[in-house]
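Subject: Structure handover

Hello,

Here is the structure I promised to pass on to you. My notes on it follow below, and I hope they are handy while you look through it.

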Amino acid sequence: MSTRIAFLKGHGTENDFVIVPDPENVIDLPPAAVAALCDRRAGIGGDGLLHVVRSAAHPEAKDMASDAEWFMDYRNGDGSIAEMCGNGVRVFARYLQRAGYATEGDLAVATRGGVKTVHLAKDGDVTVGMGKALLPEGDVTVSVGERSWPARNVNMGNPHAVAFVDDLAHAGDLYSAPPFSPASAYPDGVNVEFVVDRGPRHVALRVHERGAGETRSCGTGACAVAVATARRDGADPAVTGAPVTYTVDVPGGTLVITERPDGEIEMTGPAVIVAEGEIDAEWLETFVR
């Protein structure tokens, strides 16, 4: 491992990430090392880590290399691997722009949830093509303390349970994962969103993300919430032929989600790089051994 490992820190609506550029995939980042880097007291701090690798250099992304030069090897804050992170993709694209690997306009990014199309706008916002939502059948219930709610099962490349509540405070502290049933609905765990209405096609959420706890924002969660709310409101673009757009407030800001008649979902929001520096390689190696 090199004695000088570059990193950056960025966020999308305050969902924050440690960014580790590693084009040729030579840096060893086992779960313990990722968790140490994301530790807010003893490390750099972040909800997750964006490992920036050329698709051709990563065994999980080689098959996507012809469609996307760069692979977002995303890790949760506890070191576990996640399929997709909507806010992470925006910050990933912003890093590529900053590093000179991308310019304003369209960009393809490979993820474990497939290749995503990203648009870097002149005004600074980033729009991500998030793919289509899957709506698995079956009843799901989530609970906090003595309260329970029916939840809509939405998959955005990663699993979500969307519960509509009267007050966001009812979500509790969200330090630990809210219980859900049946267990078979989410064998690998789930991101849980609690949602309240703010106005016409305008909602707000709090979220518990798998492997991270409560975060200030969740991009795939905002998309799942927009789809679940649209169906609750009787809006289905595939039926009406007209796109539907929801404004989704998250604790860290605001995202705009549009579902098109073909089912494709677009998410627009900010992405900011706030710092860069170097990781002490000797310190990091203590978590690699």
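In which sense do strand β1 and strand β18 pair, and over how many bridges? Strand β1 (residues 4–12) runs antiparallel to strand β18 (residues 272–280), with 8 bridges between them. Before I go on, a word on how to read this: the model is predicted, so to speak of local features a pLDDT of at least 70 is needed, side-chain atom pairs count only at pLDDT 80 or more, and totals for chains, interfaces and linings use all residues. Residues are numbered from 1 along each chain as its sequence is written, and side-chain values use heavy atoms, with hydrogens and water left out. Helices (H or I, at least four residues) and strands (E, at least two) are DSSP runs numbered from the N terminus, and two strands pair if DSSP finds at least two bridges between them.

**Around β1**

β1 also pairs with strand β2 (residues 15–21), again antiparallel, through 5 bridges. G10 takes part on both sides: I273 stands opposite G10 in β18, and F17 is the bridge partner of G10 in β2. β1 and β2 make a hairpin with 2 residues between them. T13, in the loop between these strands, has a positive phi of about 45° although it is not a glycine. T13 counts as buried at 3% relative accessibility; here buried means under 20% relative accessible area, exposed over 50%, and partly exposed in between (1.4 Å probe, protein chains only).

N25 is another non-glycine residue with a positive phi, about 60°. N25 sits in the loop between β2 and α1 and counts as partly exposed, at 24% relative accessibility. There is also a cis peptide bond between S181 and P182, with omega about -5°; P182 belongs to the loop between β11 (180–181) and β12 (191–199). These spots deserve a look because most residues other than glycine have a negative phi, and most peptide bonds are trans.

**Helices**

In helix α1 (residues 31–38), the buried residues are A33, V34, A36, L37 and C38. They pack against β2, β3 (48–54), β4 (70–76), β18 and α5 (281–285).

R94 belongs to helix α2 (residues 86–98) and is buried, with a relative accessible area of 12%. Leaving aside neighbours within four places in sequence, R94 is in contact (heavy atoms within 4.5 Å) with L120, G124, D125, V126, A271 and I273.

T220 is in helix α3 (residues 219–232) and is buried at a relative accessible area of 1%. Its side chain and that of H160 are joined by a polar contact of 3.1 Å. A polar contact is a pair of N or O atoms within 3.5 Å; within protein, one must be able to donate a hydrogen and the other to accept it, and residues adjacent in sequence count only if both atoms are side-chain atoms. Not counting residues up to four places away in sequence, T220 touches M84, G86, M130, M156, N158 and H160.

**Pocket and cavities**

On a 1 Å grid over the protein atoms alone, a cavity is a set of points where a 1.4 Å probe fits but cannot get out, and a pocket is an open set with protein on both sides within 12 Å along at least five of seven lines; lining residues have an atom within 4 Å of a point. Grid points are joined across faces, edges and corners, and a volume is the space filled by probe spheres set on the points.

The largest pocket holds about 180 Å³ of space. Its lining has 14 residues, and T117, V128, G129, E264 and E266 lie nearest its centre. β6 gives the largest share of this lining, 5 residues.

There are 2 cavities of 30 Å³ or more. The largest cavity has a volume of about 60 Å³, and its lining includes M84 and N158, both of which T220 touches. The second largest cavity is about 40 Å³ in volume. A226, V227, A230, V244, Y246, I257, T258 and E259 line the second largest cavity.

Enjoy exploring the structure!
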